[in-house]
Amino acid sequence: MPCSGSLPTCMLGTSLLASKSQRSSSSSRAACRAAAKAARPILARGALKEIEFSNDGRASILKGRNVIIKQSFGGPKITKDGVTVAKSITLKDKFENLSAHLIQDVAQKTNEIAGDGTTTATVLARAIYAEGVKNVAAGCNPMDLRRGLQAAVDRVVEFLSVNTKKVTTTAEIAQVATISANGDTHVGNLIAQAVEKVGKGGVITVKEGHHWGMRFDRGFISPYFIMDVKAQKVKFEKPFILLSKKKISILQDILPSLEAAAQSHRPLVIIAEDVDGEALAACILNKLRGQLQVVAIKAPGFGDNCKSILGDLAILTGGTVFTDELDIKLEKATPDLLGSTGSITITKDTIVLNGDGSKDAIQARCEQIRALLADPTTSEYDKTKLQERLAKLSGGVAVIKVGIGSSEVEVGEKKDRYDDALNATRAAVKEGILSGGGVALLKASLALDLGMNIIHQALTHSTRTILSKAGEESSVIVGTLLGQYGSMDQFRPGMGYDASGDGKYTVVGY
C-alpha cells in the first residue's frame, strides 16, 4: 500500500471500525484462551510442562515467517541453503519452537538423502501442514487424512520418476551445478570437470582453502621428511612403495627396501602401521644427508579396515602387503614385492596416489567390494567404508579447494555454493533431472484426483513462492500455467514462466 496521500473518509472510517472490531475479537479470543488454560490440569513429571491442545496448538505452530540468523561465535554466515537456515532457528515460544524442529527434521532428512532441495522441502512441509490444520479444524479424521496424504505423495513420486531425464553429458552436469550455485558458471564447469575426471562413481569433496587421484587422511610421520618447506609437502616421481600391516622399529626390516631404492635411484615411500625407533632414525638420517629420498607414513584406517585399505593400495600400485600371514618377511623384501606409482604428493594430512597397478586386478577388486556391498548382512558402517574404498579404486577422488576470498565469510559462502552444486549434481547423475522452478511439481499436481486437495495445493506453493519473491502475481501465473499450458502432453518440454528475465511464458529446458 502506498505510504503517501490521504485515504477517503469512507475508507478511513471503515478501516478504523475494522481495526476496533479486530482488537475486540482478538481480546475475546485471548480471554477465552486464558480461561481455558486456567481450567486445564497441570501435567507434570519431575518438571512442569505447558501443553497446548487442538486448534490452539496447531495455530501456535503456524506462526512466524521472518527469521534472523545469528551466529553464536565468529562472523555472520551468508547462505540461502534451506537446511542451514532451518538449523539456525530457535523460537522463544516453546510451541512455536516445535514447528521449527519439525521443519529442521524435514530439511535435515532431505539434505541427508538428496543433498539439495531443502528450501523446496521446507516450503512443501509448511504448505502441507497448513492445509492439514484447516481440514482437521473442519472435522476431518486425522488418520483418514494421513492415509490420503500418503496416497497422494506416492502418486506424485511415481509421476516425477517416470518423467525424469537422465544426465549423460558433461555439459548437462555443468548446467545442473551452475543453476544450484546461483548461476555461477565457474563453479558449474569445475564440478563438471571433476565428475569427468573421477567418473560418476568417484568421490568429490569440497574444502575451504586440486588434486586428482587417491586420497587418505594420513601424512608423513616426521616433519624432517618435508621437501618443500613453504608448501609443507613431499612430492616424489616414480617411487617404490613398501606396504606393511605391522609396526616397523628395527632397521633390518627396511634395509633391503632402502638398498633396492638406492640402487635403482628411485625414492622410497614406507606405509606401515607405524614406523619408529632405529628404523625411523635411519630414514630421517638418509633424508637429511641427501643419500636417499625416503618418507614414512602411517597406514590409513584402523583394524580390519586398515588391512583392507592396504590391500587396495597393493592392487593400485602392484605391490605386496607384508603381514604376519605372509611367508616372506620384511627383511627378505625384493624390488618386485614393492609397489610403484607415477607420482605421489604427501602433505601433513593428505596423500594423493596415481597408481600403476593392473587394470584387470583393480576391476576384480572392485567387483569383490560390490559383492560385499550387496550382501544384506553388511552393516551400514561397513557399507560406508566399502563405498569409500570402491570410489577410490574405480574412479579416485577429486578435492575442490575453495580458498580465494576477501574474508572468511566470503570463503564460507563460496564453499556453501560448491556444496549445494555438488549435492545437486550427485542427485542428478543418480536419478535424473526435471523442469525447475516448481514447474515439475505443478505438472505433478495434475496427476492427482480431486480428493487429494492438500497435496494438490502444496505442490503449487514452490512456484508461488518464487513468483512472490520476484514481485509477480503468483495466482494469475500459476492459474495460467495449469489452465492454458497444463495439458499432460506438454510436460516434456514443460511450459514455465521466466520470473528472473522478461516475465514471459516460455519453455523450461532440462
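Which residues in H5 meet His-461, Ser-462 and Thr-465 in H17? Let's find out with a short tour of this predicted model, in which local features need pLDDT of at least 70, side-chain atom pairs count only at pLDDT 80 or more, and totals for chains, interfaces and linings use all residues. Residues are numbered from 1 along each chain as its sequence is written, and side-chain values use heavy atoms, leaving out hydrogens and water.

**First stop: two helices.** Select residues 118-137 for helix H5 and residues 461-469 for helix H17. Helices here are DSSP runs of H or I with at least four residues, numbered from the N terminus. The two pack at an angle of about 110 degrees, with their axes 9 Å apart; axes are lines fitted to C-alpha atoms over the stretch in contact, and angles run from 0 to 180 degrees between N-to-C directions. H5 and H17 are therefore roughly perpendicular (65 to 115 degrees).

Now show the side chains: Thr-120, Val-123 and Ala-127 are the H5 residues that meet the H17 trio, contact being heavy atoms within 4.5 Å. By class, this contact has 2 nonpolar, 4 polar and no charged residues (Ala, Val, Leu, Ile, Met, Phe, Trp, Tyr, Cys and Pro count as nonpolar, Asp, Glu, Lys and Arg as charged, the others, Gly among them, as polar).

**Next stop: Asp-312.** Pick Asp-312 in helix H11, residues 303-317. Asp-312 is buried, with a relative accessible area of 3% (buried means under 20%, exposed over 50%, partly exposed in between, using a 1.4 Å probe and protein chains only). Leaving aside neighbours within four places in sequence, Asp-312 touches Arg-365, Ile-369, Arg-389 and Leu-393.

Cys-283 is buried at 0% relative accessibility, and Cys-306 is buried at 4%.

Technical notes. Angles under 35 degrees count as roughly parallel, over 145 as roughly antiparallel, 65 to 115 as roughly perpendicular and the rest as oblique.
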